[in-house]
Amino acid sequence: MSQYSFLSVVILALLLLGGTLTLSANPTPSITPTDAHKWLSMPNSHDFLLDVRTKAEWRWVGVPVISFDAHGPSPRIIQSQFLLWNESTNQLSPNPQFIDEIVQKIAKNPIFERDTSRIFVMCCCGGRSATVTNLLREKYSDVFGSEVWNVLYGFDGDKNERGQRRELNGWQYEGLPWVSE
């Protein structure tokens, strides 16, 4: 099956699931939080959610879960900080261990199937996750395959006119399962 045929099948499947697929002005393949959750919730799914936010965001804002009925964390929800908070400079800096961490947590996971597993990348509002999605697709497709998708709007979503998140879009706004630590 050619790459274009496979992409057509993915688009058709998303539409049949009642979903939407968005390809933004940059070539970052993106999916809505609800549609990513549908793929992750399918029986026998080999798909992963890669949450690239910081530890502070996981702790203070919350973390996604695949189901409210889950007993403990899902092995398919991977937390790996793309950027680290540097307390001495009060700035974010790249995590030098990021690729090694996700190779260990995803590519070496026994349920990961390079040719069929999808990786949905999420951050706070979609910026870091788009960067990571492009990085994995362009530089590491031999490891992770080509099914790497940015989760639009991230966990918190875009800011409204008052500068508040979780009011317009995002994982939490769409009512998807999550917990606070």
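Biologist: Is aspartate 35 buried or exposed, and what is its relative accessible area?

Modeller: Aspartate 35 is buried, with a relative accessible area of 4%; buried means under 20% relative accessible area, exposed over 50%, and partly exposed in between, with a 1.4 Å probe and protein chains only. The model is a predicted one, in which local features need pLDDT of at least 70 and side-chain atom pairs count only at pLDDT 80 or more, whereas totals for chains, interfaces and linings use all residues. Residues are numbered from 1 along each chain as its sequence is written, and side-chain values use heavy atoms, with hydrogens and water left out.

Aspartate 35 takes part in a salt bridge with lysine 38, their closest N and O atoms being 3.9 Å apart. A salt bridge here is a side-chain nitrogen of Lys or Arg within 4 Å of a carboxyl oxygen of Asp or Glu. Side chains of opposite charge can pair when their charged atoms come close. Both residues belong to helix H2 (residues 33-41) and stand 3 residues apart, about one turn of the helix; helices (H or I, at least four residues) and strands (E, at least two) are DSSP runs, numbered from the N terminus. An α-helix has 3.6 residues a turn, so residues three or four places apart point the same way.

The structure holds 8 salt bridges. In one of them, the side chains of aspartate 47 and arginine 118 meet at 3.0 Å, N to O. This pair links distant parts of the chain, 71 residues apart: aspartate 47 is in the loop between H2 and strand E3 (48-51), and arginine 118 in the loop between helix H4 (98-107) and strand E8 (119-122). Aspartate 47 is buried, at 2% relative accessible area, and arginine 118 is buried as well, at 14%.

A further salt bridge joins aspartate 156 to arginine 166, with 3.4 Å between the closest N and O atoms. Both residues lie in the loop between strand E9 (148-151) and strand E10 (178-179), so the pair ties together parts that are 10 residues apart in sequence. Aspartate 156 is buried, with a relative accessible area of 6%, whereas arginine 166 is partly exposed, at 41%.
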